[in-house]
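I opened this notebook page to record what I looked up in the model, entry by entry. I begin with confidence and then turn to the contacts.

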Protein chains: 2
Amino acid sequence: MAPVTNGRVLFNEVPTGFPEPGKTIVYDTTQKIDLDNEPLNGGFLVKVLELSVDPYMRGRMRHPSKKSYSPPFTLGAPLNGFGVGVVLRSEHADVKVGDHLYGFAFDHAQYFIRKTLDGLEKLDNPNNLPWSYFVGVLGMPGKTAHYAWNEYSHAKAGETVFVSTGAGPVGSLVIQLAKAQGLKVIGSAGSEDKVAFMKEIGADVAFNYKTTNTLEVLEREGGIDIYWDNVGGETLEAALEAAKNGARFIECGMISGYNSGGAPVRNLFHVISKSITISGFIVGRLEGNWGKKFWQEVAPKVASGEIKHREHVYEGLDKLPQAILDVQQGNNTAKAVVHVARE
Amino acid sequence: MAPVTNGRVLFNEVPTGFPEPGKTIVYDTTQKIDLDNEPLNGGFLVKVLELSVDPYMRGRMRHPSKKSYSPPFTLGAPLNGFGVGVVLRSEHADVKVGDHLYGFAFDHAQYFIRKTLDGLEKLDNPNNLPWSYFVGVLGMPGKTAHYAWNEYSHAKAGETVFVSTGAGPVGSLVIQLAKAQGLKVIGSAGSEDKVAFMKEIGADVAFNYKTTNTLEVLEREGGIDIYWDNVGGETLEAALEAAKNGARFIECGMISGYNSGGAPVRNLFHVISKSITISGFIVGRLEGNWGKKFWQEVAPKVASGEIKHREHVYEGLDKLPQAILDVQQGNNTAKAVVHVARE
């Protein structure tokens, strides 16, 4: 077969504010790949099926001199992140043609060749679920919700939890885990459709933070015992104001500051006056504690439909830059997945 | 005996910035008291010996509509806080003449009459230590250091702790507890004298934050595993920058914001990227866990001189307003104690 185009999304420029499709991140079609003959040098060739677009990716669009928990993207090279793909050819002893791979080391490309399984693992899919689930409710976002809720919430039935971005892939699972434990759940999101979804999955109170004052809701509902934070900034300030004594704050994300260099928080003194514990985490560091339980507890309920989730599917790798911007601006309607190819 | 003047320090006005002696807090000599004949109505008469002046008191100088963990001071009435006194007369079954009392319910006055022991307890002083110790290293500040260090530090030998206001009554005990556990200790304070004291009590690195950049010190020393925060604001920001993965932050105070309505913190995202845990606390809520151990572990070492501490004694109740301002501005040289009277 003649060489085919290997579409890729390149990191073209460090953004100052929001990333810009076509400028800071660019879909590129200049690379060709000969799928039959490209030398593997002991490695394997992966056809990318699904790519995940997540809020944390903004943090990787930085100058390499700036340290953080995840490595910066390389200028001129493809972005990368979580994805699912299928092996087309292999010279690697542990990787067979037809194997499905998952991991955070997926190039944002239609195809890539890799020599090792670093950052990749073989996927088991006994229930024949759509592959996209493995970058959403059964992937990093789902694990984020499950691991940290179990590690840090110390939830008791009857308590009240506030979940920001409650219609997203992380927040929506947190809502369902909390309801299953008998908590009262308050969820916020940025559209009426997302509010409806939060109610559908069990939120007792769901509101649109763009049209409703967060602090007023939290105070009217009598305050909160747990705050699941995906937002930071003003929303975190409201949660601090409305926290009860002994509240637990789980810091999962702070997207309000990702495109502005950080959103200030002015009322941290409540941490002292209310004996609040704030726990920040990176999902990978909790893998050892909860990785097995996740597959035992969450996967069957996803397969049975008991755990609900939604996807916003972007068709084609060329849509990935827009998906990235949508996620940073909250314009995606649910978990953002880029459907790159069918098998 | 004829009635004598009962000097009092009155809360005269809610301050907008720093409290102002003679304006927002006023020493008043208009009240007379007949020590022999003032009716007790079943209560007891206390002669005040020592009063404690502490940073948290600024938070009580507020409009009563503003909620916080400690009640607001009452306009026109004496301030109150921790103190030690001796009973001159009593009609109360549990209180005898000559008993020494300690507690947070001490009027800032030379004498007061009380009907119950609410907020007061009888003091045991087997080592005949100066009464002022019981509002300092053996009082609320010492308990604050001991209880929270044991509850939240999860300290391991070889780790590095940063203690802000390390020459104060809380910080200086934290430094000594940390050194006893084999930690490397970095302390900051606002004068060369305080720096010398921190070195004397064992700090490995001690610096004056007014002349030395906090973040540069913390980074040069290789980062921190634990931060004991008495300051908030920019110092907290520096500690977040220099924190290692898995760091523990113990939030004891945030004096940088007490007189300005709160100091913003802009880099809270490190809480996530470094998996930091932040624990806020109020000492009283930890009493049950550590109250007994404190007397077993700390009191003998204070009596033997193994635990060192310093006092800044203000002679006379009329100096209390200035002591309050000094503590808010960091102009006291050590634990601020107002020596009201000898027995």
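**Entry 1, confidence.** I noted at the outset that this is a predicted model. For chain A I read an average pLDDT of 96, and 100% of the residues score at least 70. For the complex, the predictor gives an ipTM of 0.89 and a pTM of 0.91.

I looked up the superposition and found that chain A can be laid on chain B by a turn of 180° and a shift of 0.0 Å along the axis, with an RMSD of 0.0 Å. The two copies are thus related as by a two-fold rotation axis. I then checked which surface each copy uses: 100% of the interface residues of chain A are also interface residues in chain B, so the copies meet through the same surface.

I found 30 residues of chain A in contact with 30 residues of chain B. The area buried between chain A and chain B comes to about 2200 Å², and carbon and sulfur atoms give 63% of it. Which three residues supply more than any other three of the area that chain A buries against chain B? They are Leu268(A), Phe269(A) and Ile272(A), which supply 24% of that area. When I turned to the polar side of this interface, I counted zero salt bridges between chain A and chain B, while the rule finds eight residue pairs in polar contact across it.

I took the bounds from the domain assignment, which gives domain 1 of chain A as 4–136 + 310–339 and domain 2 as 140–284. The contact between them takes 20 residues from domain 1 of chain A and twelve residues from domain 2 of chain A. I also noted that the C-alpha centres of these two domains of chain A lie 29 Å apart. Between domain 1 and domain 2 of chain A the buried area is about 1400 Å², with 55% given by carbon and sulfur atoms.

Across the interface of the two domains of chain A the rule finds seven residue pairs in polar contact. On the side of domain 1 of chain A that touches domain 2, I sorted the residues into nine nonpolar, seven polar and four charged.

Terms used
Residues numbered from 1 in each chain as written. Chains lettered and ligands numbered in written order. Predicted model: local features only at pLDDT ≥ 70, side-chain atom pairs only at ≥ 80, totals over all residues. Heavy atoms only, no water. Domains from an automatic or database assignment. Contact = heavy atoms within 4.5 Å. Buried area = accessible area lost by both parts, 1.4 Å probe. Polar contact = N/O pair within 3.5 Å; in protein donor to acceptor, adjacent residues only side chain to side chain. Nonpolar A, V, L, I, M, F, W, Y, C, P; charged D, E, K, R; others polar. Least-squares fit on C-alpha atoms with pLDDT ≥ 70 in both. pLDDT = per-residue confidence, 0-100. Salt bridge = Lys/Arg side-chain N within 4 Å of Asp/Glu carboxyl O.
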